[in-house]
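Please look at the sequence and structure before reading on.

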Amino acid sequence: MPSIDPSLGRLVRRELEQHGVEVVMAVTAGDIGRRDGALVVRGDGGFVRTTDLVLVGGGVEPNSDLARAAGITTGVHGAIRVDRRMRTNLPGVLAAGDCVETWHRILQKPTYLPLGTTAHKQGRIAGETAVGGEREFQGSLGTQVVKVFSLAVARTGLRDDEARRAGFEPLTVEATPWHHKVYYPGAHPLHMRITGDRTTGRLLGAQIVGHWQAEVAKRIDVFATALFRGMTVDELNDLDLSYTPPVGAPWDAVQEAAQTWVSAARLTPLS
Ligand SMILES: Cc1cc2nc3c(=O)[nH]c(=O)nc-3n(C[C@H](O)[C@H](O)[C@H](O)COP(=O)(O)OP(=O)(O)OC[C@H]3O[C@@H](n4cnc5c(N)ncnc54)[C@H](O)[C@@H]3O)c2cc1C
């Protein structure tokens, strides 16, 4: 699962395996054939599996050929180049959604991050531009959440390696707070990773894996809001977040993880 770090990815793998899913990695599927009414998938290293159904997840490619043929400039990943008001290089031609580049709020440059959340905002901006408005797309953080059996897997912002490539000096710390007071029945652990910049203390990203009813999305959205405003990791501790024992803790899980990061940052010398 390339959108989260391997230590959290292992939790997802365990969840899949506990539900009878065989996880095979580092095998390139080369051929899908038929035998006795079933499908046979063959890959390198002698990999063979027989199955009833093959789903191919091929990733997302912007279908920008028509735009390019019309003289519209494309950029990252072949996506249509737009400015922050969703204008292409052709006067009067606006574009939004999976076919366009997405302005990244932390990287401050165009990326390709096709998401429904982004498409809706960009579409609205394009509409405003079309009727003479001046609102600008404020940028994506790549915030996303997916349910995998009983887990929710979420991320926002940059992971450690992405932050380092972008010129930050990242420190990534893992914490596993409970999603609500542990004495109240039904508490689940939230496996969280926070990435912050060692030099400035600025929050750069977060990842969470936890039970899908453990308010994972609420927590990632707190991180996303903090990222949007360029807050430091330590400033998360000043947020006035809600609490009652069945749903949270006086220090919310987000703040417990932030405190783990702040302690680690104090103990880890700058490289
Ligand atoms: C299975 C799946 C699950 C997803 N889950 C999530 C999620 O949980 N969260 C999230 O944020 N994003 C999710 N996404 C991504 C999200 O759906 C897309 O990012 C979003 O729909 C992109 O919007 P869009 O308007 O750019 O394109 P689309 O929604 O694909 O709309 C394009 C429209 O253009 C029409 N069209 C295409 N060609 C032509 C033509 N030549 N003439 C006329 N019409 C045409 C199509 O029929 C379609 O109606 C998911 C995507 C998929 C496929």
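Which residue in strand 10 is the bridge partner of I194? The partner is A206, and strand 9 and strand 10 pair in the antiparallel sense over seven bridges, where pairing requires that DSSP finds at least two bridges between two strands. The model is predicted, so local features need pLDDT of at least 70 and side-chain atom pairs count only at pLDDT 80 or more, while totals for chains, interfaces and linings use all residues. Residues are numbered from 1 along each chain as its sequence is written, and side-chain values use heavy atoms, without hydrogens and water.

Strands (E, at least two residues) and helices (H or I, at least four) are DSSP runs numbered from the N terminus. The open sheet has five strands in the order 6-7-10-9-8, with antiparallel pairing. Strand 6 and strand 8 are the edge strands, each pairing on one side only, and the twist averages 10° from one strand to the next.

| Helix | Strands touched | Angle |
|---|---|---|
| Helix 5 (residues 216–228) | strand 7, strand 9, strand 10 | about 175° with strand 10 |
| Helix 6 (residues 253–267) | strand 8, strand 9 | about 45° with strand 9 |

In helix 1, L8, G9, L11, V12 and E15 are buried (under 20% relative accessible area, whereas exposed means over 50%, with a 1.4 Å probe and protein chains only). These residues cover an arc of only 150° around the axis, which puts them on the same side of helix 1, the arc being that of the directions from the helix axis to the C-beta atoms. On the other side, P6, R10 and Q18 are exposed.

Key. Axes fitted to C-alpha atoms, helices over the stretch in contact; angles between N-to-C directions. Contact = heavy atoms within 4.5 Å.
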